[in-house]
Amino acid sequence: MKRIIVGISGASGFPLAVCLLRELKKLPDVETHLVFTRGAELTAKQELGLEPEQIRAMADVCYDNRNVGAAIASGSFQTEGMIVVPCSMKTVSGIAHGYSDNLLLRAADVVIKEKRKLILAARETPLSPIHLDNLAYLSRLQNVYIMPPMMTYYQGADTVESMERHFTGKLLQCFGIDMEGFKRWS
């Protein structure tokens, strides 16, 4: 069983997290470990009308973000790595500077120290010089991937949902998972 940690921060883009969790749920050999911030709760309510219980139900295991002693806070807890989607600039800053004052940040810190994959779907526009410095620093670390949710058109996407699915397919590719219906550049 592969374990993948999914972190959701308070940036706009909660539908991307939902799309990812739905795709992961389809995979019988993947166990999802979810942690989300208070900002994510507010964004979920604003963008999709979701309550915290509905978010928790999308994962196999869900943790309280205040519980920095949870399983995903330890390097001895084996995972494939972590995807933070969407990833706010506050979260980027916390990860870049080792400021692990909550479980999402601690889990990302552990993933980095254990040299596992950390994918950050950094979500902000425009980006300030501070944001760019933090992202550039993280991009130079082993196994850290910066993947802003960018619109692509080559796959013939005609809806926002199809663009979300395509981006989700790109996130899953980082873990060697081929999503059904994912269209590659040809």
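Lys115 sits in the loop between helix H5 (103-113) and strand E5, where helices (H or I, at least four residues) and strands (E, at least two) are DSSP runs numbered from the N terminus. Although Lys115 is not a glycine, its phi is positive, at about 60°. The model is predicted, so that local features need pLDDT of at least 70 and side-chain atom pairs count only at pLDDT 80 or more, while totals for chains, interfaces and linings use all residues. Residues are numbered from 1 along each chain as its sequence is written, and side-chain values use heavy atoms, with hydrogens and water left out.

A positive phi, of about 70°, also occurs at Asn143, again not a glycine, and Asn143 belongs to the loop between H6 and strand E6 (144-146).

Two peptide bonds deserve attention. The bond from Val85 to Pro86 is cis, with omega near -15°, and Pro86 is part of strand E4. Thr125 and Pro126 are likewise joined by a cis peptide bond, with omega about -10°; Pro126 lies in the loop between strand E5 (117-122) and helix H6 (129-139).

Helix H1 (residues 14-25) has twelve residues and spans 17 Å from its first C-alpha to its last, close to the 16 Å expected at 1.5 Å a residue, the expected span being 1.5 Å times one less than the number of residues. Because nine of these twelve residues are buried, H1 is largely enclosed by the rest of the structure; buried means under 20% relative accessible area (1.4 Å probe, protein chains only).

How values were computed
Buried means under 20% relative accessible area, exposed over 50%, partly exposed in between (1.4 Å probe, protein chains only).
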